[in-house]
Amino acid sequence: MKVLMKASSLHINSYYFTNRIHKNFKEGLSLWYKCEYFIPIYKDASKSFEDHLVTYYPIYSKLDKKIFFSKIFKGFRLLRKKFRISDYSYIHCHTLISDGLIGYLASLVYKKPLIVTVRNTDINFFIPNKLFYFLGGKVLKRASHVILLSPAYEEKIKRLYPFLKNRHCFVLPNGIDDFWIENLHKGKELATKKVLRLIFVGKNDVNKNLLTLLEFLTKYDDRTYELTVVGDNTEATDFDSFNASLPNKNRIIYRGKIEDIGLLQKIYRENDIFVLLSFKETFGVSYIEAMSQGLPVVYTKGEGIDGFFEDGVAGYACEPTNLIMLKEKIDKIVDQYERLSKNAVVEAAKFSWDAVIEEYKKRISV
């Protein structure tokens with residue numbers, strides 16, 4: 001039976017309701033530490049799931065989004081009012097800027113160790129601004145531990161802040177839902193090389209770069225390519241018209257957003273290769289979900305899961321708009337399909353939440 005440790009942690013996470021991974025992390029960590037969450041959000045913020053075990057505070061307005069620093073002082077003031085900060089062993093901020101600046105002030109005032117997770121928004125939205133770059137550096141220098149979600153982003157943050165090369169940084173990936181771990185595939189065989197079923201899971205927006213895959217379908221007809229798309233169609237792409245314009249038997253199958261995890265598993269297993277070439281990707285849990293179901297993956301070079309395993313183990317890295325390279329990587333996967341499929345399952349099993357929390361416990365000593 002798991003026993004709670006003496007350490008207690010205060011977590012600041014204004015993005016808690018944007019992705020279920022935050023809830024999974026909290027639940028896993030709560031088995032070992034006393035965890036309390038401060039969740040300041042916008043008054044009109046939508047929630048992708050419910051969690052009645054946490055209290056959230058809708059304190060930010062549209063004006064705060066424009067001014068921004070009013071968010072920090074509002075958050076810090078409410079944090080002091082609602083929590084006895086002196087009682088906690090450490091403060092963990094789940095973003096560098098939005099959460100990190102609040103935690104930085106609390107860490108200074110209450111002399112508490114500060115832990116910071118750096119995410120995609122920090123690196124690609126905030127840090128390019130000189131002021132936020134400076135403030136981010138202050139937070140990072142204060143932090144006793146800096147957490148990155150992937151090896152690629154660890155390299156990026158150390159290039160941006162060279163002093164981190166001698167600081168305590170480590171990679172802590174997101175985990176995948178227990179469902180995928182409990183239902184690992186044994187490894188697939190490719191039914192035929194004449195028809196190849198590709199799958200894309202993610203929001204159809206500019207960053208997720210579905211356009212490259214659409215261009216791929218228009219360019220290559222050496223075999224029949226079927227591309228299944230799962231996710232919100234925020235770009236309002238007319239998939240029916242696109243199919244009608246294709247000069248060959250290639251086609252796209254749009255399934256919409258899938259909430260039913262069992263149905264998503266079925267769709268993964270019906271396909272052969274997972275392809276997602278986002279321009280920017282902190283981690284990308286859908287890669288690991290697909291791997292758990294025996295699908296080799298094509299992922300963006302220098303982003304997301306690149307670096308967690310060697311190229312050619314469970315799939316291949318590819319430049320996001322390079323169609324020739326994409327074709328080469330897909331052909332390589334076809335030629336080694338059984339080996340890559342089995343390896344994908346083995347690698348996916350390493351991303352259980354139990355493994356993630358165990359790594360966190362090992363690294364964080366306060």
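In what order do the 7 strands of the open sheet lie, and is their pairing parallel or antiparallel? That was my opening entry, and I kept in mind that I was looking at a predicted model.

**Entry 1: the sheet.** I traced the strands across and got the order E3-E2-E1-E4-E5-E6-E7, with parallel pairing. At the edges I found strand E3 (56-60) and strand E7 (169-171), each of which pairs on one side only. I also looked up the twist, which averages 20 degrees from one strand to the next.

Entry 2: I picked strand E4 (residues 90-93) and strand E5 (residues 114-118), which run parallel and are joined by 3 bridges. As a reminder to myself, strands of a sheet pair through backbone hydrogen bonds. Which residue of E5 is the bridge partner of Cys 93? I found Val 116 there.

**Entry 3: a helix on the sheet.** Next I turned to helix H1 (residues 20-30), which packs on the sheet. I noted that H1 touches strand E1 (8-12), strand E2 (34-42) and E4. The direction of H1 makes about 160 degrees with that of E2.

**Entry 4: helix H7.** How many of the 10 residues of helix H7 (residues 151-160) are buried? I noted 7, so I wrote the helix down as mostly covered. The buried ones are Pro 151, Ala 152, Tyr 153, Glu 154, Lys 156, Ile 157 and Lys 158. I then checked what they pack against, and it was E5, helix H5 (120-126), helix H6 (130-142), strand E6 (145-148) and E7.

**Entry 5: a helix pair.** My last stop was helix H12 (residues 285-292) with helix H14 (residues 337-348), where the packing angle is about 120 degrees and the axes are 7 Å apart. H12 and H14 are therefore oblique to each other, since an angle counts as roughly perpendicular from 65 to 115 degrees and as roughly antiparallel over 145. I logged the crossing of H12 past H14 as left-handed. H12 brings Ile 288, Met 291 and Ser 292 to the contact, while H14 brings Ala 344, Val 345, Glu 347 and Ala 348. I sorted these contact residues into 5 nonpolar, 1 polar and 1 charged.

How values were computed. Residues are numbered from 1 along each chain as its sequence is written. This is a predicted model: local features need pLDDT of at least 70, side-chain atom pairs count only at pLDDT 80 or more; totals for chains, interfaces and linings use all residues. Side-chain values use heavy atoms; hydrogens and water are left out. Two strands pair if DSSP finds at least two bridges between them. Helices (H or I, at least four residues) and strands (E, at least two) are DSSP runs, numbered from the N terminus. Axes are lines fitted to C-alpha atoms, for helices over the stretch in contact, and angles run from 0 to 180 degrees between N-to-C directions. Contact means heavy atoms within 4.5 Å. Angles under 35 degrees count as roughly parallel, over 145 as roughly antiparallel, 65 to 115 as roughly perpendicular and the rest as oblique. A crossing is left-handed if the near helix is turned anticlockwise from the far one by less than a right angle, and right-handed if clockwise. Ala, Val, Leu, Ile, Met, Phe, Trp, Tyr, Cys and Pro count as nonpolar, Asp, Glu, Lys and Arg as charged, and the others, Gly among them, as polar. Buried means under 20% relative accessible area, exposed over 50%, partly exposed in between (1.4 Å probe, protein chains only).
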